[in-house]
Amino acid sequence: MKTNIGACVAAASIALRVCAHAATPFYENNFEKADLNKVPDDFLVLDGQFAVKEEGGNRFLELPGAPLDTFGALFGPTATDGHAVSARVFGTGKGRRYPTFAVGLNGQGTSAYKLQVSPAKKSVELFKGDAVRASVPYEWQSGTWTRLWLQVRRVKDGEWKVEGKVWTEGAKESSTWTVSCDEKEEPVVGKASIWGSPYSTTPIRFDDLVVTVAREKP
């Protein structure tokens, strides 16, 4: 059996390019080149006084500790499924008051998904719109950076998985999803998002935002 060496090399080259493209994020922002005291031009702030701040040589997007409400911003490309959003978030508790924060996909509204850390409930929650689709216990650590990963992927025709992972920066990343749910309705087109509720009256910081390809395994 003859082997076409040229065809094999070409196929391998194409495969490598596809893999390299898949590994390249669709969007990323670490705010190191962003102007201070402003919001980057590629963000759509839904509400809230977000602004780029700096501490210890690190720049991040900060939501101030007042007023007390829920605020969000959209960024990155629009998509239905096959995308993931990740970020690291810093917050602090004050007495018995705690912030809540989240990353989201598929825009805003009743069909949007959010992976939310809710320290007052000692839980991580997966939302679709305002409805909690799944919830698991979680012990949040005040004054630390927390990493979040949320993705929506098609598993077969008419079925999707919404999966999320949360872990404290510096700790070992779990080999399983923190929370997940099945979805029968086709996801809507929308951008990735970040959300914060500064109930502890202290700022919430967002950094290292990435929109990339969803993965089959955690």
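Analyst: Start with the term. A cavity is a set of grid points where a 1.4 Å probe fits but cannot get out. Rolling a probe the size of a water molecule over the atoms shows where empty space is left. The model here is a predicted one. The largest cavity in it has a volume of about 70 Å³.

User: How many cavities of 30 Å³ or more does the structure hold?

Analyst: There is one cavity of that size.

User: Which residues lie nearest the centre of the largest cavity?

Analyst: Ala79, His83, Leu105, Asn106 and Gly190 do, out of 13 lining residues. Two elements, strand 5 (71-79) and strand 14 (190-197), each give two or more residues to this lining. Strand 14 gives the most, with three residues.

User: What classes of residue make up the lining of the largest cavity?

Analyst: Six are nonpolar, five are polar and two are charged.

User: Now a single residue. Is Asp207 buried or exposed?

Analyst: Buried means under 20% relative accessible area. Asp207 has 1% relative accessibility, so it counts as buried. Asp207 belongs to strand 15 (residues 204-213).

User: Which residues is Asp207 in contact with, leaving aside its neighbours within four places in sequence?

Analyst: Asp207 is in contact with Asn30, Phe31, Asn58, Arg59, Phe60, Ala87, Arg88 and Trp145.

User: And the protein as a whole: what share of the residues counts as buried?

Analyst: Of its 218 residues, 46% count as buried. The protein has one helix and 15 strands.

Technical notes: Residues numbered from 1 in each chain as written. Predicted model: local features only at pLDDT ≥ 70, side-chain atom pairs only at ≥ 80, totals over all residues. Heavy atoms only, no water. Helix = DSSP H or I, 4+ residues; strand = E, 2+ residues; numbered from the N terminus. Buried < 20%, exposed > 50% of the residue type's maximum accessible area, 1.4 Å probe, protein only. Contact = heavy atoms within 4.5 Å. 1 Å grid on protein atoms, 1.4 Å probe; cavity = no way out; pocket = protein on both sides within 12 Å on 5 of 7 lines; lining within 4 Å. Points joined across faces, edges and corners; volume = space filled by probe spheres on them. Nonpolar A, V, L, I, M, F, W, Y, C, P; charged D, E, K, R; others polar.
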